[in-house]
Amino acid sequence: MVVLFGLIVFRVYQEGIVSNQSGINLAVVGDTDCSLIILRPDEDIVGWVRLPGKLKIRIHNSQAQYPIGSLWTYGVSEKRPYEIFEKSLGLSMGVVISRTIRVQGDPSIEEVLASLHKISLKTDLSLKDRWLVRKYLAEAVSSKKILEMDIPNNAVDKITEPDGKEFLVFNNVTALWTKNKFLLESILNENVDVSINNLSGLAGMGVAVSKQLESAGVRVVEVKTDPNDDIAGSGCVFVSLGDYPNTEKFLMNQFSCEQRQGTKETDKRGVKIWLK
């Protein structure tokens, strides 16, 4: 029993994606509003991004759009709340959103801190990550280093529906704003060139994913659709042609990609990604 308990504790400690180098972009879902937490421990940055209440998000792999306050409820009805929320908001915004926390009432740093230790908390954070996130947030709050941000007005367009209701949707300016706010220095410093081959059958998916990766500091040099250039696997698959440990961890842990062994191409460098 002691050995079994030790193995469980070791596994819980090992599982997690948050570290001083990697940080995390974390969605916080309230009853009607949503926000994002940007954690960059190595850079001493904790950002709190308020999302407009009238924001509408396109559902991942669908033409349907839902108000941000209803996106979680839709995900629950499909029995995939975390996946749908993170992928839909992330692709619409052009940011990699790795995990989600569901809190009661309006989202706030104080509510997140009060909720992270609760067993009943709805989140896809591991226990280790919950502890680390709470530690970083508590330190930032005590030192008053929370950087509060709002989506700029020129990054969203106003739309009016046939029933007269007005909503906001992200536009192309959003990518310019996120590119400077969500950078990971550990990724940027590896200076890796990435090519994306979109074999998903979804038009525009390659460009949308490239914006997400560029917001983190990846340099995307090619987006194509080439069925002759394929590799085994499904979803997001990548091959690394060089030594890029931080980029590889980011793709696996925070972007849910699977790594494959590449051929020994001494004349090529960078990372190749397939979307399938």
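Let's start with an open sheet of five strands, which run in the order 12-11-15-13-14 with mixed pairing. Strand 12 (219-224) and strand 14 (258-260) sit at the edges with a single partner strand each, so one side of each has no neighbour in the sheet. From one strand to the next, the twist averages 25°. This is a predicted model, where local features need pLDDT of at least 70, side-chain atom pairs count only at pLDDT 80 or more, and totals for chains, interfaces and linings use all residues. Residues are numbered from 1 along each chain as its sequence is written, and side-chain values use heavy atoms, with hydrogens and water left out.

A quick word on terms: helices (H or I, at least four residues) and strands (E, at least two) are DSSP runs, numbered from the N terminus. Two strands pair if DSSP finds at least two bridges between them.

## Strands 13 and 14, with helix 9

Strand 13 (residues 236-241) pairs with strand 14 in the parallel sense, over three bridges. Across that pairing, V237 stands opposite E258 in strand 14. Helix 9 (residues 245-254) packs on the sheet and touches strand 13, strand 14 and strand 15 (270-275); contact here means heavy atoms within 4.5 Å. The direction of helix 9 makes about 170° with that of strand 13. For such angles, axes are lines fitted to C-alpha atoms, for helices over the stretch in contact, and values run from 0 to 180 degrees between N-to-C directions.

## The disulfide

Take a disulfide as a pair of cysteine sulfur atoms within 2.5 Å, and the count comes to one. The partners are C236 and C257, with their sulfur atoms 1.9 Å apart. The torsion about their S-S bond is about 70°, so this disulfide is right-handed. It links distant parts of the chain: C236 lies in strand 13 and C257 in the loop between helix 9 and strand 14, 21 residues apart.

Both C236 and C257 are buried, meaning under 20% relative accessible area, with exposed being over 50% and partly exposed in between (1.4 Å probe, protein chains only). Another cysteine, C34, is buried too, at a relative accessible area of 3%.

## L213 and its contacts

L213 belongs to helix 8 (residues 205-216) and counts as buried at 0% relative accessibility. Leaving out residues up to four places away in sequence, L213 touches I196, V218, V220, F250, L251, F255 and I273. As for S234, 21 residues from L213 along the chain, the C-alpha atoms of the two are separated by 19 Å.
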